[in-house]
There are 2 protein chains.
Amino acid sequence: MATINKNYLKLPGSYLFSDIAKKVKKFADANPEAEIIRLGIGDVTRPLAPAVIKALHAAVDEMGQAETFRGYAPDLGYEFLRDTIAREDFQKRGCDIAPDEIFVSDGAKCDCGNIQELFATDNRIAVCDPVYPVYVDSNVMAGRTGDYDPTTDRFGNVVYMTCSAENGFVPQLPEEKPDLIYLCFPNNPTGAVITKNELQKWVDYANENDCVILYDAAYEAFITEENIPHSIYECDGAKNCAVEFRSFSKTAGFTGLRLGFTVIPKDLTCKGEKLHPLWARRHGTKYNGAPYIVQRAGEAIYTPEGRAQIMEQIGYYRENAKIILEGLQSAGYTVSGGVNAPYIWLKCPDGMSSWQFFDHLLQKANVVGTPGVGFGPGGEGYFRLTAFGDRDKTAQAVERIKAL
Amino acid sequence: MATINKNYLKLPGSYLFSDIAKKVKKFADANPEAEIIRLGIGDVTRPLAPAVIKALHAAVDEMGQAETFRGYAPDLGYEFLRDTIAREDFQKRGCDIAPDEIFVSDGAKCDCGNIQELFATDNRIAVCDPVYPVYVDSNVMAGRTGDYDPTTDRFGNVVYMTCSAENGFVPQLPEEKPDLIYLCFPNNPTGAVITKNELQKWVDYANENDCVILYDAAYEAFITEENIPHSIYECDGAKNCAVEFRSFSKTAGFTGLRLGFTVIPKDLTCKGEKLHPLWARRHGTKYNGAPYIVQRAGEAIYTPEGRAQIMEQIGYYRENAKIILEGLQSAGYTVSGGVNAPYIWLKCPDGMSSWQFFDHLLQKANVVGTPGVGFGPGGEGYFRLTAFGDRDKTAQAVERIKAL
């Protein structure tokens, strides 16, 4: 008799964005004249860069001719893309990462969700609170987290690392030793970053305690300040303890095109077993490579032309972030993030809860954001705004909030 | 201390295609004048249909304009594609499948590999022998198969259903009751098909024994004969016991574009638990949707123009299959498949093993195929040729084999 994986039933409903949508719909129906501005979901709005469009058209044409048609891609990605990534994203930053340590995929979300498969089910994970939900949920599904406690909104067998104003939203090294540590910098949802010196401490801790760090660097393109590492491999010894996830989604607006990659150094072992061949085997068994045309699109962002265009795009979002950040600061809000990240994290005023502030902002300013508590109990009393919107609407939203 | 998922270590090396490549390279190096014809790997060679190319260009242009740019796709697929699939592939064949029972993905391989996650790890799988390796390997990784026995080339806790000339390469209902049953028709590697009456027996068996059938219909577009079901949902009661996987790879040459879908009926339960919300949750957590441009490409094959073009393409491969099948038959080979499938399965002559015949064919005819034993011990003494090659080369290969 077939039976289901009961770990799935441990997951509490994932209602954050559907709850938001319902509340917004209800308000819009009751207030048809309100011009609602959405700064909630972390999806980009700028069109793909001309160099990317050009590369896509060229690759599509190749697929239409017998002489240049491409069937199955190499499971791990085309060499032209892996070589380019290794050189541009790593070697030029002094990180000794080889092309065959790069695994091209259809996005960092998939890779972040799938990576846990390589580890034993009794491994214990550590995550920040608040946190991007995929890290925890994928481990719940695999039976690695224990049961959910609705009174604390936490799972029994997870090490939660609180990120609060007290620690600048950068976690402290955990006292209870985990096996796997998820870190995301620049951070979603808080927009916080970690300095190279601070990240080095995590790498040293992981090497001392035989932990593996699962490092999500999906937002690295938004870093503006010096001494903030773009890759964990800028730290000494990271090749022995860290996997890194990267994405083209926010770097080049590929959320609807799907491209990302994961770095698994060949030196990375767990109790003497290398992770690299396991991930290669996983890719070979359960994945069939990212589309050729999308890999060519990815390659295009590394050309001088493509680079200039995506930097302009990122500049647009950065300016949005600045407008939100400075506007809210001038209005007396306690705000962080936004300088090296597309997310602005603000403390709800007057002791409001995340959802109270959501309702307040929707009703009084007709602006939609994301309640911080949706990312975990550590996010209660906070609120996330994103810089991925239209410039004029973003500025208008800020003016409305300032006028509250 | 992080430790690996040791189930991965149970997998024997996957050397089939790399062993083939090595042998071919060695032969080619020693015989530089030999014109080698490859009919081994199941990858298509015809370019994408003009309607698909047109749809891709149009969608790429949409992605380049702010007004029509698309970010994250719906996790489960765009409605325009799900509606089209439900209508064209199912409702028009009398199968009562709704759009929201269709989950669009980047391919049947991924879905076939990932589906096992929804089930308890103590569920026992049944597979055909020979078999597409993904079904077994993905279950090995999850710890569902027991250990590998190199003397039998089999895993301890798997129900193997032998497919041989005696049963026309269609398995018999297993005596030992499994929980999950993988079936693939038209079959890879044998090219065998199952009649509707025979498939109905499997559906009845699954419903009587509370099994779930995981039905891989990736090659359904190659069916030419009446009374061969294109979908398992043509059978009564299948919505209560079967998941179906479909692919655009062989239907429309999308091996390098990546698009497929899985059907999970809302009526399908395991001990009262519905599978549909579990797969939706999996998609939502570990997947981010197929690219918009690729979903538009998929939609294009359902237009009258697109349909005509892909039928012409499939016709081309079918004619290749016919040339191989009839040519080998006329030369006295025992051959099956090829009528409703792109694969021709032949019995190695003179008692040769699969690899002996591989060497024989490579050396004497300079033709590359796939040794049947690579798909499991049940394939020993057999050999697979594919119809996905170039017409002239395919005909030439057959002439060479006939001349042996």
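I looked for the residue of chain A that comes closest to the rotation axis and got A:H57, at 3.1 Å by its C-alpha atom. The model is predicted, so I noted the limits: local features need pLDDT of at least 70, side-chain atom pairs count only at pLDDT 80 or more, and totals for chains, interfaces and linings use all residues. Residues are numbered from 1 along each chain as its sequence is written, with chains lettered from A and ligands numbered from 1 in the order in which they are written.

Next, the axis itself. I find that chain A goes onto chain B by a rotation of 180 degrees with 0.0 Å of shift along the axis, at RMSD 0.0 Å (least squares on the C-alpha atoms of residues with pLDDT of at least 70 in both copies). This is the relation of a two-fold axis. Both copies use the same surface, as 100% of the contact residues of chain A recur in chain B.

I then counted the interface. In contact are 66 residues of chain A and 66 residues of chain B (contact: C-beta atoms, placed from the backbone, within 7 Å). On the chain A side, α2 (50-63), α4 (108-114), α5 (133-141), α8 (276-286) and α9 (292-300) each supply at least two residues (helices are DSSP runs of H or I, at least four residues, and strands runs of E, at least two, numbered from the N terminus). α2(A) gives the largest share, 6 residues. By class I get 33 nonpolar, 18 polar and 15 charged for that side (nonpolar: Ala, Val, Leu, Ile, Met, Phe, Trp, Tyr, Cys and Pro; charged: Asp, Glu, Lys and Arg; polar: the others, Gly among them).

I looked at α2 in both chains. The axes of α2(A) and α2(B) come within 10 Å and cross at roughly 175 degrees (axes are lines fitted to C-alpha atoms, for helices over the stretch in contact; angles run from 0 to 180 degrees between N-to-C directions). That makes the two helices α2(A) and α2(B) roughly antiparallel (over 145 degrees). The residues in this contact include A:I53, A:H57, B:I53 and B:H57. The contact of α2(A) with α2(B) has 8 nonpolar, 2 polar and no charged residues.

Last, a sheet in chain B. I read 7 strands in an open, mixed sheet, in the order β2-β10-β9-β8-β7-β3-β6 (strands pair if DSSP finds at least two bridges between them). Its edges are β2 (102-105) and β6 (159-162) of chain B. Parallel strands β8(B) and β9(B) are joined by 4 bridges.

Definitions and conventions:
Two residues are in contact if their C-beta atoms, placed from the backbone, lie within 7 Å. Angles under 35 degrees count as roughly parallel, over 145 as roughly antiparallel, 65 to 115 as roughly perpendicular and the rest as oblique.
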